[in-house]
Amino acid sequence: MCRHVAYLGDPVFLREVLIDPPYGLHRQAWEPRRQRHGTINADGFGVGWYAEGDPAPARYRQAVPMWTDVSFADVARVTRTRALLAAVRSATEGTAPDASAACPFGDGRHLFSHNGVVEGWPGSAADLAGALPPALLLDLPARTDSALLWALVRHLLAGGASMAAALAGAVRETTARTAGRLNLLITDGTSIAATTYGDTLSYRMDGSSVVVASEPYDDEPGWVDVPDKSLLVARPGEVSVRPLDAASLEEM
Ligand code: GLN
């Protein structure tokens, strides 16, 4: 089920994070190393990034595998950014197949991705819908479990939750109603929040940058594996990881 990655730090070309690394997202699209569910991620991809002087990110999303999109190779070669979030997709059965269903989803300055599945989809959608105002349900960007989770996160953000609290709340609301694998990833261009709930996640930081990814994109030292059921918050040069349990959520 999908792989995703987020980067914050010194300006980089998109290709330096996504295409150049030996096991970057481009390669993970056809040969992921740590994926537990699904084998390849060829059902589309998406990249969101922030350009200088504009707090709202641009998104480039396609329904084709990342390695077949020659235009993306060009865009990634010349586009520089301090912050990006990208995903390659292995679609869950019964979800929309088009580019609208490719993460990242976005709203304002946020970019969001889901790696996993809401069990029982699409039947479980009715259970989750109970946690949402109808206006957000009507505004779903795609017919997917991930879009419903994004609606839940948007709802919590609109209520004043931090990104970390919104992700934790979405996991809590979802698991109260149905099972799922819920590795969520969000950025606003200045920090990153992520959950692990059923799938892999690693991070690497140095003094001026941080990468959070479903799996390490190279074999260089510095990657740290995040335990399952964790909540991660990261800024360049600063990462915190804590258990995603009731006690830690109450503190937020
Ligand atoms: N279930 C979601 C979808 O179909 C996410 C799948 C994944 O982990 N890539 O898009």
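The model is predicted, so local features need pLDDT of at least 70 and side-chain atom pairs count only at pLDDT 80 or more, while totals for chains, interfaces and linings use all residues. Residues are numbered from 1 along each chain as its sequence is written, and side-chain values use heavy atoms, with hydrogens and water left out.

I start with the record. An unreviewed UniProt entry carries the annotation "domain: Glutamine amidotransferase type-2" over residues 2-245. UniProt positions are given here in the numbering of this model, feature names are shortened, and annotations may be inferred rather than shown by experiment. The end C-alpha atoms of residues 2-245 lie 24 Å apart, and the span is 24% helix and 32% strand. Helices (H or I, at least four residues) and strands (E, at least two) are DSSP runs, numbered from the N terminus.

Now the sheets. Strands of a sheet pair through backbone hydrogen bonds, either parallel or antiparallel. Here two strands count as paired if DSSP finds at least two bridges between them.

Within it, strand 9 (residues 202-206) and strand 10 (residues 209-213) run antiparallel and are joined by five bridges. S202 has A213 of strand 10 as its bridge partner.

The other sheet I want to show is also open, with six strands in the order 5-6-7-8-12-13 and antiparallel pairing. Strand 5 (105-107) and strand 13 (238-243) are the edges, each pairing on one side only. On average, neighbouring strands of this sheet are turned by 15° against each other, direction ignored. Axes are lines fitted to C-alpha atoms, for helices over the stretch in contact, and angles run from 0 to 180 degrees between N-to-C directions.

Strand 6 (residues 110-118) and strand 7 (residues 180-187) are antiparallel and share eight bridges; one of the pairs is F112 with I186. Two helices pack on this sheet. Helix 6 (residues 145-158) touches strand 5, strand 6 and strand 7, and its direction makes about 130° with that of strand 6. Helix 7 (residues 163-177) touches strand 6, strand 7, strand 8 (192-196) and strand 12 (230-235), at about 165° to the direction of strand 7. Contact means heavy atoms within 4.5 Å.

Just after the helix, G160 takes a positive phi of about 105°.

Strand 6 is mostly covered too, with nine of its nine residues buried. V117 is found in strand 6 and is buried, with a relative accessible area of 10%.

Last, the cores. A nonpolar core is a set of buried Ala, Val, Leu, Ile, Met, Phe, Trp, Tyr and Cys residues joined through side-chain atoms within 4.5 Å. Which members of the largest core, with its 36 residues, touch the most other members? They are F112, V153 and I186. Strand 6, helix 4, helix 6, helix 7 and strand 7 each give two or more residues to this core, and helix 6 supplies the largest share, eight residues. Leaving aside its neighbours within four places in sequence, I186 is in contact with residues including F112, W150, V153, L157 and L167. A second, separate core of 22 residues includes L14, F45, M66 and V88.

How values were computed:
Buried means under 20% relative accessible area, exposed over 50%, partly exposed in between (1.4 Å probe, protein chains only).
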